[in-house]
Amino acid sequence: MAEAVKKRGEDVNTLKDKFHKDEVDAKVRAAIPYTGRWHNRFHVDAPFSLISDPNGLCNLNGEYHIFCQWNPIPQNQNWHKNKSWMHTKTRDFINYSMPELSLWPTDEHDKDGCHSGCGFVEDGKLRVFYTCNARDDNYIRTVVQRFGTLQEDGSVVKEEIQLVGNPEGYTAHFRDPNFFYRNGVRYFAMAAQRMSDYPAKSSRPTNGCVLIYKEKSEGGWDLLGEVKTDYYDFGYMWECPNLLQFGDMDVLIVCPQGVPHQDLKYENHCLAGYFIGHFSVDSLDMIHGKFHELDKGFDFYSPQVIANEARHILVGWIGMPDLTDTVESAKDGWLYTLTMPRELILHEGKLRYRPVEEMKALRKDFQDVDVFNTANISANLATGSESDLNVTFGAARKVEIAVKWGDEKFTMTYDRDTQTILLDRRGMKLGGRGIRKFTDGKNTDVELGFRKFKLFANLDLQFRLFVDRSAIEVFLQNGEEACSMLIYPESDVAPKLEINGDAPLEKVSGKIYELGELSYK
């Protein structure tokens with residue numbers, strides 16, 4: 001019998017010759033401005049390879065720093081290998097510094113990946129706190145949590161190790177530390193995977209959860225325990241926790257993986273959502289309502305939030321774990337994009353969403369829309385556009401809003417009789433438009449072509465529709481719901497917007513803007 005092949009992690013001795021910041025940064029500069037047909041105009045892309053989770057979001061001296069997961073050295077389409085961090089910064093969310101390689105594997109602690117983490121300001125410096133990932137010859141994972149400090153050249157110098165390994169009773173899927181403060185004391189939330197000891201409560205061998213650590217006055221951290229929620233058996237892993245305060249209310253954002261799909265909700269392979277209520281750092285109880293999805297589109301995951309007294313700014317990943325084979329831009333050597341920065345507002349027990357005000361500076365030429373008593377409306381869109389419109393239904397019971405590229409189309413259809421909205425990209429020729437089967441036993445078939453969800457609209461439907469080259473974001477009913485998705489038109493033509501009712505619409509009004517491009521210097 002042939003000897004079994006041993007798996008092994010990265011050889012730490014090869015790292016010094018593998019990652020070269022100067023070479024990677026030069027390659028980035030040479031690729032910008034983008035010329036690829038699907039590279040976006042007003043979303044942050046990477047010029048090559050795969051980007052994913054936003055990391056290290058914080059504000060230092062008026063500059064917003066955005067890091068994200070990145071593979072700077074693509075090889076044989078092993079897109080998730082070489083986990084590193086890309087960095088850019090901006091004062092206005094329009095003009096950005098040139099993206100650069102900032103954090104990458106260098107030693108025995110993070111040789112198999114610099115995974116996600118947070119950013120914070122300390123002694124006037126931007127520091128990061130991230131998860132190091134390493135595997136042994138048998139592919140057994142070891143995790144370490146580590147500090148680092150951003151330097152003038154854009155690199156992060158790695159510093160103190162804070163935690164080694166994972167706590168007893170939890171697997172090595174232990175990552176994504178994120179700081180928060182209560183009464184002047186620093187804590188962090190940690191994504192974790194519980195090894196279930198309660199078969200009567202759980203249908204899986206592991207469950208997702210969030211652990212809380214408290215900083216000790218003499219240095220180091222105390223594990224306080226799990227955040228206690230009513231969702232004990234809700235997916236096999238909870239990633240990317242953010243614990244936020246809105247006045248006297250607490251919001252816990254998490255990304256559960258492996259939640260069974262239900263009619264009109266939980267339709268993505270992995271979810272991103274939140275609980276609202278009151279969290280006690282003493283008892284660790286989160287007294288909350290139901291779990292709300294943050295985004296009802298096809299492609300939204302791993303958000304992170306910059307929080308201060310003035311506003312909470314979220315940046316998410318327009319992408320989805322384990323679906324790289326549906327991403328058409330991979331043929332051109334790059335995958336995924338980040339969302340536009342969006343502000344979170346707590347309103348009547350739910351979060352609402354709107355693009356940050358700074359994004360309005362991208363508006364250029366516009367068309368006024370003011371149409372009465374018609375069932376069909378058509379308008380040409382620029383390559384990058386924002387349609388800020390209100391539809392008064394009148395006699396119409398169904399309204400279809402379509403973005404068309406030649407004979408391809410993406411549609412949103414609102415049905416007043418069922419109070420549902422249907423997102424449908426089956427009219428496209430490329431990208432995620434069919435059914436994806438997951439065979440790991442943690443999920444069932446996933447429909448990639450359409451989504452349907454509840455949305456209350458009595459007499460009017462209000463929407464802001466942002467159409468970029470390969471990304472669409474929609475904000476419905478003044479931000480009551482948001483939807484983010486990837487789209488890859490085969491036809492290289494300017495899009496067109498069409499609004500069709502099954503009976504004459506009483507009125508359609510608003511503006512359609514041409515949008516400019518982000519600037520990188």
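Is Arg397 buried, exposed or partly exposed, and what is its relative accessible area? Please go on from there to the other charged pairs and to the strands around them.

Analyst: This is a predicted model. Arg397 is partly exposed, because its relative accessible area of 35% falls between the limits of 20% for buried and 50% for exposed. Its partner in a salt bridge is Asp417, with 2.8 Å between the closest N and O atoms. The two residues are 20 apart in the chain and belong to distant parts of it: Arg397 sits in the loop between strand E26 (385–392) and strand E27 (398–405), and Asp417 in the loop between strand E28 (408–415) and strand E29 (420–424). Asp417 has a relative accessibility of 57% and therefore counts as exposed.

A second pair has another setting. Glu481 and Lys296 form a salt bridge whose closest N and O atoms are 3.3 Å apart. Here 185 residues separate the partners, Glu481 being in strand E35 (residues 481–486) and Lys296 in the loop between strand E18 (292–293) and strand E19 (301–307). Glu481 counts as buried because its relative accessibility is 5%. Lys296, with a relative accessible area of 14%, is buried as well.

Arg146 and Asp110 are both buried.

The count of salt bridges comes to 39. Some are linked in a network that comprises Glu122, Arg127, Glu159, Glu160, Arg186 and Glu215. Strand E11 (residues 185–195) runs antiparallel to strand E10 (residues 175–182), and six bridges join the two. Two residues lie between the strands of this hairpin, and Asn183 has a positive phi near 55° there. E11 is also joined by nine bridges to strand E12 (residues 206–215), again in antiparallel fashion; Arg194 has Asn207 in E12 as its bridge partner. Nine of the eleven residues of E11 are buried, so that the strand is mostly covered.

Charge also gathers at the surface. Asp22, Glu23, Glu152 and Asp153 form a negative surface patch. Asp22 belongs to helix H2 (residues 21–31), and its relative accessibility of 64% is why Asp22 counts as exposed.

Methods: Residues numbered from 1 in each chain as written. Predicted model: local features only at pLDDT ≥ 70, side-chain atom pairs only at ≥ 80, totals over all residues. Heavy atoms only, no water. Patch = residues over 30% accessible without salt bridge, like charges linked within 9 Å, V, L, I, M, F, W, Y side chains within 5 Å. Areas by Shrake-Rupley, 256 points an atom, 1.4 Å probe, with all protein chains shown as cover. Salt bridge = Lys/Arg side-chain N within 4 Å of Asp/Glu carboxyl O. Lys, Arg positive; Asp, Glu negative; His and termini not counted. Charge placed at Lys NZ, Arg CZ, Asp CG, Glu CD. Helix = DSSP H or I, 4+ residues; strand = E, 2+ residues; numbered from the N terminus. Buried < 20%, exposed > 50% of the residue type's maximum accessible area, 1.4 Å probe, protein only. Pairing = 2+ DSSP bridges.
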